[in-house]
Amino acid sequence: LTTELKTSKIKFYYKDDIFALMLKSDTTYKELRGKIAPRIDTANFKLQVKPSDGNGEEIKTDSQVNNIIRAKLKIAVYDI
Amino acid sequence: FKNSIPESSILLRISYNNNTTSTSISEIFTLLVEKTWNFDDLIMAINSKIANTHNNTVLPISKIKYQDEDGDFIILGSDEDWNVAKDMLAENNEKLLNIRLY
């Protein structure tokens with residue numbers, strides 16, 4: 001493969017742990033969940049944007065995921 | 001010192017809390033690993049190093065974290081996590097990775 005999509009390092013926080021993912025700029029919401037699921041101990045989880053304080057918006061769509069990757073935001077993962 | 005690390009290798013600086021004794025002792029050791037190793041090779045090398053230095057009296061470690069460029073300690077638990085760590089080192093032109101064992 002000679003073409004290379006730009007990837008960004010995105011962190012997600014789950015309980016007391018921090019994880020890092022390399023995500024291509026066109027990663028979908030479903031693909032993102034697929035990368036998070038094997039790293040945590042539950043299949044029922046939700047994603048939020050992790051702001052510096054308070055609660056961030058819940059992540060549910062591909063366009064939100066693309067924004068997060070572009071802006072290099074952090075993700076908080078919670079059990080449902 | 002940094003230049004003495006071969007291009008094909010990464011030097012792990014590992015800090016390890018040995019909780020098997022009544023007083024918890026923190027140790028630091030280094031381990032030179034190959035970039036081509038996969039995650040299982042890495043775990044095996046770390047555990048065999050610990051076993052060798054403790055006469056096989058300690059349990060294998062279960063959790064590894066590495067320090068990223070922000071100073072955060074990130075879970076290193078799979079081949080993909082190991083690739084993320086290697087990408088980070090390459091981007092920062094680094095060959096030394098700080099590791100914590102649990």
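## Exercises on a two-chain model

Across the interface of chain A and chain B, 10 salt bridges are found, a salt bridge being a side-chain nitrogen of Lys or Arg within 4 Å of a carboxyl oxygen of Asp or Glu. The model is predicted, so local features need pLDDT of at least 70 and side-chain atom pairs count only at pLDDT 80 or more, while totals for chains, interfaces and linings use all residues. Residues are numbered from 1 along each chain as its sequence is written, chains are lettered from A in the order in which they are written, and side-chain values use heavy atoms, with hydrogens and water left out.

**Exercise 1.** Find which residue of chain B forms a salt bridge with A:Lys9, and state where the two partners lie.

*Solution.* Begin with the pair itself: A:Lys9 forms a salt bridge with B:Glu69, and the closest N and O atoms are 3.2 Å apart. Then consider accessibility, where buried means under 20% relative accessible area, exposed over 50%, and partly exposed in between (1.4 Å probe, protein chains only). A:Lys9 is buried at 16%, whereas B:Glu69 is partly exposed at 45%. Finally, widen the view: A:Lys9 and B:Glu69 belong to a network of salt bridges that also includes A:Lys11, B:Asp68, B:Asp70 and B:Asp72.

**Exercise 2.** Decide whether A:Asp17 and B:Lys65, which meet in a salt bridge, are buried or exposed.

*Solution.* First, the side chains of A:Asp17 and B:Lys65 meet at 3.3 Å, N to O. The pair crosses from strand E2 of chain A to strand E3 of chain B. With a relative accessibility of 14%, A:Asp17 counts as buried, and B:Lys65, at 10%, counts as buried too.

**Exercise 3.** Describe the side of chain A that touches chain B, beginning with the residues in contact.

*Solution.* Start by counting: 13 residues of chain A are in contact with 17 residues of chain B, contact meaning heavy atoms within 4.5 Å. The buried area between the chains is about 1100 Å², with carbon and sulfur atoms giving 44%; this is the accessible area (1.4 Å probe) that two parts lose on being put together, summed over both. A:Lys9, A:Ile18 and A:Met22 supply 41% of the area that chain A buries against chain B. There are also 10 residue pairs in polar contact between the chains, both residues being at pLDDT 80 or more; a polar contact is a pair of N or O atoms within 3.5 Å, and within protein one must be able to donate a hydrogen and the other to accept it, while residues adjacent in sequence count only if both atoms are side-chain atoms. As for the elements, strand E1 (7-14) and E2 of chain A each give two or more residues to this side, and E2(A) gives the most, with six.

**Exercise 4.** Work out where A:Thr27 is found and which residues A:Thr27 touches.

*Solution.* A:Thr27 is found in the loop between E2 and helix H1 (29-36) of chain A, and is buried, with a relative accessible area of 4%. Setting aside residues up to four places away in sequence, A:Thr27 touches A:Leu32, A:Val65, A:Asn66 and A:Ile69.

Terms used
Helix = DSSP H or I, 4+ residues; strand = E, 2+ residues; numbered from the N terminus.
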